[in-house]
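Please look over the model first.

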Amino acid sequence: MISLKQLHYALAIEKTLHFKKAAEACNVSQSALSTAINELEKQLDITIFERNNKQVLITNEGKLILDKARKVKIELDELLQIPQISKQAFSAPMSIGVIPTIGPYLLPKVLPEVRAKYPEFKLKIIEEQSHVLVDMVRNGELDAAILALPYPIEGLMSFDFWQEDFYWVCHKDECPSKVQEITSEELEIDKLMLLKDGHCLKEHALAACSLQNKNQESDFDSASLHTLIQMVAGKLGTTLVPQMALDQLTYNESELRAIHLNEPGPHRTIALVIRPNYVRTKELTLLQSIFTEQLSEKCG
């Protein structure tokens, strides 16, 4: 009989492509892990991994086996949670991923209320870029992810909880006085600084301004909104900031002004993304309500 332990070991090797590292991740000896994999391959009469002293490769048949093993592990993990969560909401731990352009601004606004309502809730937060989080949700490594949409999430479901616009942030000495709204045509595109490629916030900002692409020829390649704000404060340019982040980014910057981007919105949607048929949907709906309530109160 194929054991769940064997499948667990095989998935660890798939992730690390290294028997020693997989054994360490599973807290077993390398010989025990190798024996289990050899038995699994013998039972299936298939070579899952081709290995030598230099590398580990996954065979084509092995990829099919590992895809099935992953689905079995996800289903088993969720099956074991059902008795616990049926008794009390948030009685089981949960892991949620969040992207860097949302986490620092969303979490301080919503987690205090989550903690107040569910003090025993054990929540693990993982911060990564969108494509990594989507893969982790699909693979069962995360219960859910908080993403900014639109973003490709084929095969997954989304629960929207917030929609927001962008604000143009400029130094008060370098922007029109008394202006409350600005269109993309009025922006000085050459002075507009955005995050480096790979961040969906940049793509959403460009889309909001109806710009196909912006060639950044500056000396900056920032992955942080905080850094961009400091550049604006230093009169090095302007930037676009989502509504959720405005208070934290501009709180101590009296020299800055935030002007609403007057383009059709919302400019981005924030959502919880999960696998179809995820067993803890009811709990995520509760989180969705808390998030919406807190953001409406603190960003409205």
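Which helix gives the most to the lining of the second largest cavity? Helix 7 does, with 3 residues.

## Basis

This is a predicted model: local features need pLDDT of at least 70, side-chain atom pairs count only at pLDDT 80 or more, and totals for chains, interfaces and linings use all residues. Residues are numbered from 1 along each chain as its sequence is written, and side-chain values use heavy atoms, without hydrogens and water.

## The cavity

The second largest cavity has a volume of about 40 Å³. A cavity is a set of points on a 1 Å grid over the protein atoms alone where a 1.4 Å probe fits but cannot get out; lining residues have an atom within 4 Å of a point. Volume is the space filled by probe spheres set on the points, which are joined across faces, edges and corners.

Helix 7 (200-208), helix 8 (225-233) and strand 10 (238-242) each supply at least two lining residues. Helices (H or I, at least four residues) and strands (E, at least two) are DSSP runs, numbered from the N terminus. Among the lining residues are Leu201, Lys202, Leu228 and Thr239.

Five strands form an open, mixed sheet in the order 8-11-7-10-9. Strands pair if DSSP finds at least two bridges between them. Strand 8 and strand 9 are the edges, each pairing on one side only. Strand 9 runs parallel to strand 10, joined by 2 bridges. Leucine 192 has threonine 238 of strand 10 as its bridge partner.

## A loop residue

Glutamate 186 sits in the loop between strand 8 (181-182) and strand 9 (192-193). Its C-alpha is 63 Å from that of isoleucine 37.

Definitions and conventions: 1 Å grid on protein atoms, 1.4 Å probe; cavity = no way out; pocket = protein on both sides within 12 Å on 5 of 7 lines; lining within 4 Å.
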